[in-house]
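Welcome! Please take a moment with the sequence and the 3D view, and then read on for a short tour.

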Amino acid sequence: MSTTKKIAGAALAAALGVTTLSACGGGDAKDKPAGASDAPKSKTVTLVSHDSFNVTESVLKEFEQQSGYTVKVLKSGDAGAALNQEILTKGSPRGDVFFGVDNTLLSRALDNGIFTPYEAKGLAEVKPEYVLDKEHRVTPIDSGDICVNYDKAYFADKKIAPPQTLDDLTKPEYKNLLVVENAATSSPGLGFMLASVGKYGEEGWKDYWSKLKANGVEVVDGWEQAYNERFSGSAGGKKAKGDRPLVVSYASSPPVEVLYGDPQPAEAPTGVATGTCFRQIEFAGLLKGAKNEEGGKALVDFLISKKFQEDMPLQMFVNPVTKDAALPELFTKHGVVVEKPENVTPETIAKNREQWVKAWTALVVK
């Protein structure tokens, strides 16, 4: 998804003929949130998000009943497009809270001043490595890893060990096996490019891509085409007769293949090369000029509550960021833990993203 991240689960579910739940408004409750004023206030709080936002209806209704607010979700395309709209309407936002800006776009959002600082209740439960803005203009909500996935059956049949690191992908045994997304048009494509920057630095990442190109890397526009058409290990790729057993996707893709398998397999048909990953972190923030600021604060609090954090993995196929949230068995059994993902600071990304993408395009695509 062009910038909506990691949450290719929604697209993958659609490719497998599954409909996921969408957030919707519920009824008002009589009780007011703690500390609420008696002055008349809007009972609707609007969340502006990218298209991949999802929550179980009963979880959302519980928040609405406890808080007294009705949640309206305004989905606005991919994360980049949604953020652009909020920048254009700065000071007169379309909603109260924005969800979906990630660490590849964070500095752009902060530099444009679209958020009001708010230290969310429950922030102490968020793992400190995810708190990238010390002024609390944004609150971490979820994380996910962009990684190379591999087709287990292909490598077993060929009796070749699947790659595990970025360096492995340049070796002769993996020639003409990898498909990646365009870094200029795709969120996972950009993340994978940033993984190479994090690993090899400003001086070495372009040389790495020269090696990948020489080793037959294929570039397509987006995740849907790469994963569900070209990748031989996915359900969609099998139907499309994809012939590339390596693809840039997400660490959460194998559990999704199990969840939506028909019949559901005992083991995920795909694996994750854990030494190829870039970590994305998604944030939410109270929009400056929000019409319902108190409702917006309550909604941000809800997004880092244990109830929402534990609901997220099977709704948006991402990982919780709080210490007390447990992963579902599907993730613990069929997923992987990426211990040392590559990372690049939001400030460095903001400073260099445009020139890096241009250099990547000139080197790999043209």
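Predicted model: local features only at pLDDT ≥ 70, side-chain atom pairs only at ≥ 80, totals over all residues.

Residues are numbered from 1 along each chain as its sequence is written, and side-chain values use heavy atoms, leaving out hydrogens and water.

**The whole protein**

- Of its 366 residues, 57% count as buried, where buried means under 20% relative accessible area, exposed means over 50%, and partly exposed lies in between (1.4 Å probe, protein chains only).
- Among contacts (heavy atoms within 4.5 Å) between residues at least 6 apart in sequence, 78% join residues at least 24 apart.

**Helix H2 and its cover**

- Helix H2 spans residues 57-67, and its buried residues are Val 59, Leu 60, Phe 63, Glu 64 and Ser 67.
- H10 is itself mostly covered, with eight of its 11 residues buried.
- The buried residues of H10 include Gly 295, Gly 296, Asp 301 and Phe 302.
- After H2 comes Gly 68, which has a positive phi near 90°.

**Helices H6 and H13**

- Two packed helices are described by the angle between their axes and the distance between the axes.
- For H6 (residues 187-214) and H13 (residues 346-365), the axes come within 11 Å and cross at roughly 25°; axes are lines fitted to C-alpha atoms, for helices over the stretch in contact, with angles from 0 to 180 degrees between N-to-C directions.
- That angle makes H6 roughly parallel to H13, since angles under 35 degrees count as roughly parallel, over 145 as roughly antiparallel, 65 to 115 as roughly perpendicular and the rest as oblique.
- Residues that meet here include Leu 190, Trp 205 and Trp 209 in H6, and Ile 349, Trp 356 and Trp 360 in H13.
- By class, the contact of H6 with H13 has 13 nonpolar, one polar and four charged residues; Ala, Val, Leu, Ile, Met, Phe, Trp, Tyr, Cys and Pro count as nonpolar, Asp, Glu, Lys and Arg as charged, and the others, Gly among them, as polar.

**Loop residues to look up**

- The peptide bond from Asp 262 to Pro 263 is cis, with omega near 5°, and Pro 263 sits in the loop between helix H9 (253-259) and strand S9 (270-287).
- Asn 176 is not a glycine, yet its phi is positive at about 65°; this residue lies between helix H5 (152-158) and strand S6 (178-181) and counts as partly exposed at 40% relative accessibility.
- Lys 241, also not a glycine, has a positive phi of about 60°; Lys 241 belongs to the loop between helix H8 (235-239) and strand S8 (246-250) and is exposed, with a relative accessible area of 70%.
- His 136, in the loop between strand S4 (115-116) and strand S5 (139-151), counts as buried at 19% relative accessibility.
- Leaving aside neighbours within four places in sequence, His 136 is in contact with Thr 116, Pro 117, Tyr 118, Glu 119 and Leu 123.

How values were computed: Helix = DSSP H or I, 4+ residues; strand = E, 2+ residues; numbered from the N terminus.
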